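Have the viewer open as you read.

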Amino acid sequence: MTTAAADYLMRLSGLAVSFTGLANVPPWRVSSALAAAMFTLYAVFLFRRRRHVAPGPTPVQTRINYAIFALVLWLNVIGVLRRSGPAPYALALTSLLVLGGWVFPQNLDLFFRQ
C-alpha cells in the first residue's frame, strides 16, 4: 500500500466515524481499537510467515513482547487502564516501531545465513 493510499484510507476512516454513533467516543479508544486489530493481525501473520522461513518456533521473548503491546492497546479500548488516553496508545505504537527495528536485523542475519 502506498503512502497516498494509506492517507486516503485514514481520511475515509475519519469520515466513516462521523456517520456512525462513534462520534462521541473518545478518539483514543477508536484509534486504539483500529491499531490493536491491525497489530494483532500483523502478529498472527508474522508468526505464520516466520514458521515457513525459519527453523523452529518464534522466540518466546518476541511473542511476549507482541502480546503485551497488543494487550495494552485492547485495555485502552476497554478503558481498564487508569483513563483511556494518548499515553498507552503512543507507548504501544512506539514499541511496535522499536520492536520492528530490533527484529529487522535479526531477519537480515537469518536471510544472509541461508
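## Overall fold

The protein chain has 4 helices and 0 strands, where helices (H or I, at least four residues) and strands (E, at least two) are DSSP runs numbered from the N terminus. Along the sequence that reads α-α-α-α. This is a predicted model, where local features need pLDDT of at least 70, side-chain atom pairs count only at pLDDT 80 or more, and totals for chains, interfaces and linings use all residues. Residues are numbered from 1 along each chain as its sequence is written, and side-chain values use heavy atoms, leaving out hydrogens and water.

Of the contacts (heavy atoms within 4.5 Å) with a separation of 6 or more, 62% link residues 24 or more positions apart.

## Surface and burial

Of the 114 residues, 22% are buried, meaning under 20% relative accessible area, with exposed being over 50% and partly exposed in between (1.4 Å probe, protein chains only). The chain exposes about 8,300 Å², and carbon and sulfur atoms supply 71% of that; areas come from the Shrake-Rupley method with a 1.4 Å probe, and for residues only the protein chains shown count as cover.

Phe112 is exposed, at 62% relative accessible area.
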